[in-house]
Amino acid sequence: QVQLVESGGGLVQAGGSLRLSCVASGNIFSINAMGWYRQAPGKQRELVADITSGGIGNYADSVKGRFTISRDNAKNTVYLQMNSLKPEDTAVYYCKAGVTHVARSRTDYWGQGTQVTVSS
């Protein structure tokens with residue numbers, strides 16, 4: 001079993017910044033891709049950014065140039081630096097990790113989510 005714990009969400013004014021963190025622990029041999037998703041009320045969950053095990057990031061058009069995804073493989077941690085926040089960024093943010101277990105099976109895991117609220 002693997003647990004993903006997000007932190008860093010909160011309430012900020014438009015134009016402000018937040019840094020989200022997600023730490024994975026448990027039955028982990030290695031972690032493949034990691035990503036951040038978000039879900040706003042009345043909308044479907046959408047990909048915000050993901051990152052390969054080698055550190056190559058990919059971003060949704062709506063956040064490109066404002067958000068930066070990074071990871072620390074030694075700490076099993078992925079980060080999302082969010083700058084120039086807009087009210088449209090308000091959502092629950094979830095991290096996801098593709099995990100290879102010690103026995104070499106593979107499973108995707110989701111965190112519990114952290115609320116980000118951007119006021120006008």
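**Figure 1. Arg 71 and the backbone oxygen of Thr 52 in a predicted model.** The side chain of Arg 71 reaches the backbone oxygen of Thr 52 at 3.0 Å. The model is predicted: local features need pLDDT of at least 70, side-chain atom pairs count only at pLDDT 80 or more, and totals for chains, interfaces and linings use all residues. Residues are numbered from 1 along each chain as its sequence is written, and side-chain values use heavy atoms, with hydrogens and water left out.

**Figure 2. The surroundings of Arg 71.** Arg 71 is part of strand 7, which covers residues 67-72. Strands (E, at least two residues) and helices (H or I, at least four) are DSSP runs, numbered from the N terminus. Not counting residues up to four places away in sequence, Arg 71 touches several residues, including Asn 32, Met 34, Ser 53 and Tyr 79. Contact means heavy atoms within 4.5 Å. Arg 71 is buried but has no salt bridge, and the nearest side chain of opposite charge, Asp 72, is 8.2 Å away. Buried means under 20% relative accessible area, exposed over 50%, and partly exposed in between (1.4 Å probe, protein chains only). For charge, Lys and Arg count as positive and Asp and Glu as negative, while His and the chain ends are not counted.

**Figure 3. The salt bridge between Arg 38 and Glu 46.** The closest N and O atoms of Arg 38 and Glu 46 are 2.8 Å apart, and the two residues form a salt bridge. A salt bridge is a side-chain nitrogen of Lys or Arg within 4 Å of a carboxyl oxygen of Asp or Glu. Arg 38 counts as buried at 7% relative accessibility, whereas Glu 46 is partly exposed at 37%. The structure holds four salt bridges.

**Figure 4. The salt bridge between Arg 66 and Asp 89.** Arg 66 and Asp 89 form a salt bridge with their closest N and O atoms 2.8 Å apart. Arg 66 lies in the loop between strand 6 and strand 7, and Asp 89 in the loop between strand 8 (77-82) and strand 9 (91-100), so the pair ties together parts that are 23 residues apart in sequence. Arg 66 is buried, with a relative accessible area of 11%; Asp 89 is buried too, at 2%. A network of salt bridges links Arg 38, Glu 46, Arg 66 and Asp 89.

Figure 5. Ser 62 lies in the loop between strand 6 (57-59) and strand 7. With a relative accessible area of 41%, Ser 62 is partly exposed. From C-alpha to C-alpha, Ser 62 and Asp 89 are 9.1 Å apart in space, although 27 residues separate them in sequence. The side chains of Asp 61 and Lys 64 meet in a salt bridge of 3.2 Å, N to O. Asp 61 and Lys 64 are both exposed.

**Figure 6. The strands of the protein.** The protein has zero helices and eleven strands. Buried residues make up 40% of its 120 residues.

Definitions and conventions
A polar contact is a pair of N or O atoms within 3.5 Å; within protein, one must be able to donate a hydrogen and the other to accept it, and residues adjacent in sequence count only if both atoms are side-chain atoms.
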